[in-house]
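I opened the notebook to record what I looked up, one entry per topic. The sequence and structure come next.

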Amino acid sequence: MEAVSEQKSVYLQAFEAADRLDGWPEERRQQAIQAFESQGFPTRRMEAWKHAKLTALTQQTFKPVPEGGELSAATVERFADVAGAVRLVFVDGRFSPRYSDLDAAVPGLKVQSLAAAFREDDGLAHEQFGRVMDAESHAFAALNTAFAVDGAVVDVAPNTVLDAPVVVIFANSRKASGHAVYPRVLLRAGSNAEVRLVQQYLGENEDAALIAPVSEVLLHDNASVRIQHFQDESLPSWHLGAMRVRVPRDARFALHTVTAGARFGRTDVQVDLEGPGADVSMNGLYLSDGERYADYHTVVRHVTDHSHSQQLFKGVLTGRGESVFDGMIHVARDAQQTDSEQQNNNLLLSPLALAHSNPRLEIYADDVKCAHGSTVGELDADALFYLRSRGIARDDAQALLTFAFANDVLGSMIEPALAPQARDRLLSVLPGGNLLEAPE
Amino acid sequence: MSASSKTIEEITGKRGYEYGFITDIEQESLPPGLSEETVRFISAKKDEPEWMLEWRLEALRGWLEMPHPNWAHVHYKPIDFQAISYYAAPKNQPKSLDEVDPKLLEMYEKLGIPMHEREMLAGVEGAGEQRPEVAVDAVFDSVSVGTTYKAKLAEQGIIFCSMSEAVQDHPELVRKYLGTVVPRKDNFFAALNSAVFSDGSFVYIPKGVRCPMELSTYFRMNAGHTGQFERTLIIAEEGASVSYLEGCTAPMRDENQLHAAVVELVALDDADIKYSTVQNWYPGDENGVGGIFNFVTKRGLCAGKRSRIAWTQVETGSAITWKYPSCVLKGDDSVGEFYSVAVTRGYQQADTGTKMIHMGKNTRSTIIAKGISAGHGEQSYRGLVRVLPTAKDARNYSQCDSMLIGDKCAAHTFPYIDAQHPGAQIEHEATTSRISEDQLFYCKQRGIGEEEAVSLIVNGFCRDVFKKLPMEFAVEAQKLLEVTLEDSVG
């Protein structure tokens, strides 16, 4: 207990030592640090954090990363390269004009950094910053709101349909080692607007770093937002992300997420379906090899009637990997005619890997269609036999089937430009993955 | 008003509870309150050996330090454990069945529980009336008032008696197994039970014996302001098999009464235990006043190779049910099964499910849970399937289906799956639905009345579980379900 209270004051001290902002941003930061101080880091006694081993994280003090980090060419090489896209690159959480490309901005799309938005007293930031995601329920989101100095603010005007996606890249330099980075994304899609967003996380820090991103996404009626999320942090990192999305009447939200990096990688996604006709689709793949821990917590809340949600999350575990999928579907009392579906499949490839799967349903309305399914297992012996009986060697057959299991999710990636990287990461964790050539 | 909404209204209306009477009998009971003195009194009353008292006191000390659990998805006012009387028993303790107070026998008659061995025998003599023999241990408030067929079972070496007698007559067995499956400090209510349990049933099936008849325990709460804390221990030696039934009722009272039981099952090599429950505690009135808090810990240990434990439960009663009959599959090739139908209506709440812990190789488990929620009823399925690294080729299949009747009820599903062996195959499926207008229309179109149609659909929904119940029980369960849902349907 002592360690925790000591830890709290360290973060408070860092907060007090940081530069002050003016007006409402400062107010919200103050509220957030208070919220963090009152809750502290989550403990394993909390249901949502019972598998998360955060002791090492709480014992180390992660202060905000100093300025001036440089990226190596190898890291820049990995940036999602999408032709015609607006690109915002953040190095150690700070906007980097050098790697960014804002030229492709089209009418109806306003993209700027959060630091600029604070200075300008931007309406979108005022409406959304710390307002969509509440700090009370998530310690790391509270830290982010308290410490975020920069981030991406994307505003899509009503009736704007964008062909190319907006690419947001958060890259950590070597300087991030031992420090904390707080990436922030604010996205608003006006009514009838359509936008795709890519969120890529990567880094070259050689020691532990805390990366705690928060995304606040607000859709208006009949808008469409599709997000490609790709977390491929460097191995020693702690990545604890939170995303909150509000989907009103007839709006469509799709998320495709891949967790391939960080020793400890967790992403919490909460989506509220707040109007009839709201539609949500989430697909994810998590890879856990070595001693890596990969965790998805999703909460889908059907607040009003006639909404639809679908989720498919797949996990591949090898070595001593550990994974958690915790998916809650909540159907409120008046949310009649809800149609909700959730599927979680895990493939265990090693006797030391550990998969936790908690698909949950909480239903208060009677005229609904809700189903969830969950499986954990190894490769189907029949399928393996089938391939071997056709002259394919055991190792090849195994690699082929595992690849097929995971590729199912990779096939539906929202941003194909990241697909080769995701596929390479998949092959690198598969036993016998080197036997397969990545298909074009 | 559409047909189904009419049905809903009727279903959510007032229900009858035919076991709600109080038996007026002279009783002695402890004043409310829980302390070391209470535990010493209970132990002394039962003339228990020193080790038993120590065991209880240790449990009490553990309980005093435990926080009240609040993770279950149920809502109730905090229980005042000092306002409960921990011991209540009829004043005249009978020495044998013949001496049992006639008023008690009359009560069991009214409940339909056979307390006379000769009644059965008469049944055999009577033309055509063939009832299978069932040995009964009747637990009335804190004590067992009689056990039938003891002598006949003893011929085969089977011990079937109350827990108090077992502590006196078979201390070596009790000492060896008590608390091995559910440790004293396993959880809050198990610790409370370990400290103050007053009676329960004890079953021991020797090596290679198949129990020739169904064994059953009938729990009845009668006194007000009391809790019932019974403890059941069933041991099946190598190759033994037994089918055990449990039933329970209580009078209608405006207060909430606590029932915190612990059941432990031990199955050695090739043993087979089938444990069936029809739980029909008083559920409270139509406004949610009164009813039993049923907080129970049930766990079976498949200690031996190829052993098998099956839990079957039909839960229609109790204001709040909080129970997770579990199987620890330790022996290689052991099998755990869980079949459950839970009904919540009125203001009933249930948080129930199972745990399957796979430790041995080739262990298999099946979970079939059906939940029906009507009125303001709220229920949750909460289940854990854990496969440890030693459990090579473990296999689990879980299916939980919920049916919602009415728009004010709720159904939740919280399965937990922790798998740590690549050979494990685990599947979980859950669905939530309601009786559709189409199904009702189809039945009515073929001349089946609305009431029958609902009954038909509900029974079809529960069929997978009912067919696992012992014959007699299945009929009772089916009737109970009809009474529960139907007395107001049409």
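I began with Y244(B), which stands opposite Y275(B) in β12(B). The model is a predicted one, and I read every entry below with that in mind. I then looked up the strands around this pair. Strand β9 of chain B covers residues 241–249, and eight bridges join β9(B) to strand β12, residues 272–279 of chain B. These two strands run parallel. I also looked up strand β7, residues 214–220 of chain B, and found six bridges to β9(B), again in the parallel sense. In that pairing, Y218(B) has G247(B) of β9(B) as its bridge partner.

I asked how many of the nine residues of β9(B) are buried. The count is eight, so β9(B) is largely enclosed by the rest of the structure.

Next I looked at strand β19 of chain B, residues 355–358.

I then noted the partners of β19(B). Strand β16, residues 326–329 of chain B, pairs with β19(B) in parallel over four bridges. In that pairing, L329(B) stands opposite H358(B). Four bridges also join β19(B) to strand β21, residues 378–387 of chain B, and the two run parallel. There I found V385(B) of β21(B) as the bridge partner of M356(B).

**Entry: one histidine**

I picked out H259(B), which lies in strand β10, residues 256–259 of chain B. Is H259(B) buried or exposed? I found 24 other C-beta atoms within 10 Å, and the cut-off for buried is 20 or more, so H259(B) is buried.

I also looked up what H259(B) touches, leaving aside neighbours within four places in sequence. The contacts are M221(B), G227(B), Q228(B), W281(B), I292(B), F293(B) and N294(B).

**Entry: two helices in chain B**

I looked up helix α2, residues 36–45, and helix α3, residues 50–65, both of chain B. Their axes come within 10 Å and cross at roughly 155°. Angles over 145 degrees count as roughly antiparallel, and α2(B) and α3(B) are therefore roughly antiparallel to each other. I recorded the crossing as right-handed.

I listed the residues that make the contact. From α2(B) they are E36(B), V39(B), R40(B) and S43(B), and from α3(B) they are M52(B), L53(B), R56(B), L57(B) and L60(B). By class I noted five nonpolar, one polar and three charged residues in this contact.

**Entry: two helices in chain A**

The residues of α2(A) in the contact are R28(A), R29(A), A32(A), I33(A), A35(A), F36(A) and Q39(A). Those of α7(A) are A139(A), A142(A), L143(A), T145(A) and A146(A). I noted eight nonpolar, two polar and two charged residues in this contact.

I also checked how covered α7(A) is, and nine of its nine residues are buried. Among them are F140(A), N144(A) and F147(A).

**Entry: where the chains meet**

Last, I looked up the contact between the chains. I found 30 residues of chain B in contact with 30 residues of chain A. On the chain B side, β23 (410–419) and β24 (425–434) each supply at least two residues. Which of the elements gives the most to this side? I found that β23(B) does, with ten residues. The chain B side divides into 15 nonpolar, ten polar and five charged residues.

I also found strands pairing across the two chains. Seven bridges join strand β22 of chain A, residues 369–377, to β24(B), and the two run antiparallel. Here V376(A) stands opposite I426(B).

Technical notes
Residues are numbered from 1 along each chain as its sequence is written. Chains are lettered from A and ligands numbered from 1 in the order in which they are written. This is a predicted model: local features need pLDDT of at least 70, side-chain atom pairs count only at pLDDT 80 or more; totals for chains, interfaces and linings use all residues. Two residues are in contact if their C-beta atoms, placed from the backbone, lie within 7 Å. Ala, Val, Leu, Ile, Met, Phe, Trp, Tyr, Cys and Pro count as nonpolar, Asp, Glu, Lys and Arg as charged, and the others, Gly among them, as polar. Two strands pair if DSSP finds at least two bridges between them. A residue is buried if 20 or more other C-beta atoms lie within 10 Å of its own, exposed if 12 or fewer, and partly exposed in between; C-beta atoms are placed from the backbone. Axes are lines fitted to C-alpha atoms, for helices over the stretch in contact, and angles run from 0 to 180 degrees between N-to-C directions. Angles under 35 degrees count as roughly parallel, over 145 as roughly antiparallel, 65 to 115 as roughly perpendicular and the rest as oblique. A crossing is left-handed if the near helix is turned anticlockwise from the far one by less than a right angle, and right-handed if clockwise.
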